[in-house]
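Work through the exercises below with the sequence and the model open. Try each task before reading its solution.

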Amino acid sequence: MKFSAFSIWQLSPIKWLRKIRGFRLVYTPLLAIVLFTAVMGVILGTLQLQEKSQQESALFRELAFAKQRIELRFANNTDALIAINREIAASYDQEKLKQLAYEQAGELVLNNHEIIRIIWLSAERQRQWMLPPTTTKTDWINEAEIAPAINESLKSTLELSRVTIRPSFSQFISLNISGEEPLLRERKIVFWQVVPNIAGGEIVGYLAALYTTQGILDVIPGNLKSQYRFTLLTDNEKLLAISSDRDTPKRAFSNQTSLDMGVLSPNLTLRIDTYPPPTNLTFRMLIGVVIGLCVFVIWSLWSVLKQMQVRQEAEANLRTETSFRSAMENSTPVGIRAHDMEKRITYVNRAFCEMTGWTANELIGLSPPFPFWPENRWEELIEKMNRALRMDGLKTGIQGAILRKDGTLIQTRTFIAPLINEKGKQTGWVTSLIDISEPNKIREELAASQERFTTVLEGLDAAVSVVALETDELLFANRFYRENFGNDSKGHFQLIGNEDSNKTLRNIAEDLQDSPPGIPTSFLYQESESEEVQLSDGSNRWYEVRSRFIPWVDGHLAQLLIATDITQRKEAEDLARQQEERMQFTSRLTTMGEMASSLAHELNQPLSAISNYCMGVAKRLDGHLDPALNKEIMPALEKASVQALRAGTIIQRIRGFVKRSEPQRKSIAIKDIINDAVGLVEIEANRHRLSITSSIADNLPELNLDPVLILQVLVNLLKNGLDSVREAYPLSSRWTAPPVNISADLDTSIFPAMLRIRVTDNGAGIADSVTQRMFEPFFSTKSDGMGMGLNICRSIVESHHGRLWATNIMDGAQTKMVGCTFTILLPLESPDSRDEIQEQY
């Protein structure tokens, strides 16, 4: 800024007087500032001297108080030691008083931190007891490097006390203690106090107390040690103890005094130092503030001289900026209006006028409800406006509507901000309006499209889920997924069918991060082959799973998975397979029936011939042989003939049963059938060194059944029992094998009572997997078995309206199977006989 040079002599008299008065107004405050500064300097200097004097007085007072506390503590300790001596002298023959003195000494050590040990010595200087008792922690005095100095000092102090017959102190002892523990550092300088125990004018013992110099400073209150540093010194300024390692300022106040601990005590000096500096920081701050204020006033007066020209330039800039702001408001499509505190419109821009169709003169001065509001929404819009004004506007704005002058309705969003003047006082509000009719229309169309899409996804009978690769977070799941797998991503990874799938997805995400920016297009939208996955959560449900990688809305890679429930299809396939197996079983059964018919036809003639030959040979030999030889041969031939007939009968019965014919029943005792079965199987049992026993209850009623078929069932069960025992016991130890037992009795635990036949062996039992299938046709655990034995047995028993099942026998600990029992239940009366009896009545 340029100033034209001028001289006051060139001005007119009136302007010259005004110039002189301007200079006087400028220099008068400068003179006042100089005087004010000088007076404040004198006052602050006086205050500093007074404060220094007060600090020295306070320092002396605190030092005297600390000295008094230390000397009083030593006097109290000496009195306590003398009192303990009196107790010891009076309790020479009384153990209770000795114990009392011992306890008093213990309390003295416990309550006085400066005393670390008290020792009672006899007149011959023999240690009687000490406190605290010697332990691994308190026996540091007897260490080889420390003990000589301490003992020598104690010895000289005892001698001094003996000679003077009064309490005495030793010189200070510096100990070479290793270690950095605080307790060890406090004990580096110690000294003894010995109090003689005088009784009857003679010394009967001594009471010695070991002090630490650092412990003496603990007598001083903690609040003083936080404000001052206390130091114990000798005459030659040797440091004995210090309350803090913190350094004091170079100009700190200090004072010292000597301590009188007793008549024969060493010279000890207590020194006190102040922590804060002698010059108060407040004083310096006051000086700085005064100088700063003076400089500020001078600068402000100088600035006034230039203010006029700056003000003119600012007014010009303000006019320019106002014109610019007006042009900007008129060019923006956002409608702007201003309200005063009574909500009257005070300003509208051109865009607002175009938006409403009203002129600025028509709008300024109007109060709500405004004419551009729809009449049917006045109350709603007034309530929204009041709420927004109370909350100083909303960040999201207020959605409303404007009725144009031509009757057109447009949707708007209004933002409100308080209008603050230059004094910081609110004078009204400024509102800006945006026409959102078109965005609303687009948003509604998008919402409708989104709703249709969501409805389709929610209605699918397939699980749709999207999981982020980096975080394993479930980003989207439809209704089917949420109902079956919950709201987390565990179901997603179950459907993938790999327990480490989440780790694999993370590895893919890490590889893509290490690759150049952007997701490779070839990696996206590649649909994997469909896989059939069975869940391992116990539900045994099957899903057909398809997956692909897609970019999510935030740009990160995600995995889309679609899983269709195919459990019903799998069950239908399993059912079809089972039906096919049943058809195969039926075909094999049919073939077996045809084979049985062929075998019966082919074997009947040889068996008939065998029977006829045996009977013919028996007749021809009858009466022609020696009676002894005849007695051996004839029964054998007769039995061979009978067994041949029986074999033919068995084949015929099996053939008839396969052809679904009813069994040929007759009344017979079950004992005879069991004996025949045992007789048939006993030959094979003896061949394998095994045995069979039978136990049949007395007075069992005769049953109406087919004896040949029931005999075949019992023979089959006995053979199975022998096979089980033979597998459990090797040949060398079969003489110890328990026999296979067959028993018959009445089961009266059910109604009506039934005949119960049990075949029990002591083999290895039957596995659970075998128990479930052992009655199925063509299922066998034997390498040469057909798998029809037990199936035919159960069919025979059920044709007699009975039941057949197996039960394992466990050992006493219920941990091992030690055998198996097959149980047969047969009704005492056949259904046909019961029907005949009912018809008679």
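The model is predicted: local features need pLDDT of at least 70, side-chain atom pairs count only at pLDDT 80 or more, and totals for chains, interfaces and linings use all residues. Residues are numbered from 1 along each chain as its sequence is written, and side-chain values use heavy atoms, leaving out hydrogens and water.

**Exercise 1.** Find the strand order of the open sheet of five strands and state which strands stand at its edges.

Solution. 
1. The order is β22-β24-β25-β27-β26, with mixed pairing; strands are DSSP runs of E, at least two residues, and helices of H or I, at least four, numbered from the N terminus.
2. β22 (692–696) and β26 (803–810) each have a single partner strand, so one side of each lacks a neighbour in the sheet.
3. β22 pairs with β24 (residues 740–747) in the parallel sense over five bridges; pairing requires at least two DSSP bridges.
4. Within this pair, Ser695 stands opposite Ser743 in β24.

**Exercise 2.** Describe how α18 and α20 cross, and which residue classes meet in their contact.

Solution. 
1. The axes of α18 (residues 707–728) and α20 (residues 789–799) come within 10 Å and cross at roughly 145°; axes are lines fitted to C-alpha atoms over the stretch in contact, with angles from 0 to 180 degrees between N-to-C directions.
2. Residues of α18 including Leu709, Val713 and Leu717 meet residues of α20, among them Leu790, Cys793 and Val797; contact means heavy atoms within 4.5 Å.
3. By class, the contact has eight nonpolar, three polar and no charged residues; Ala, Val, Leu, Ile, Met, Phe, Trp, Tyr, Cys and Pro count as nonpolar, Asp, Glu, Lys and Arg as charged, and the others, Gly among them, as polar.
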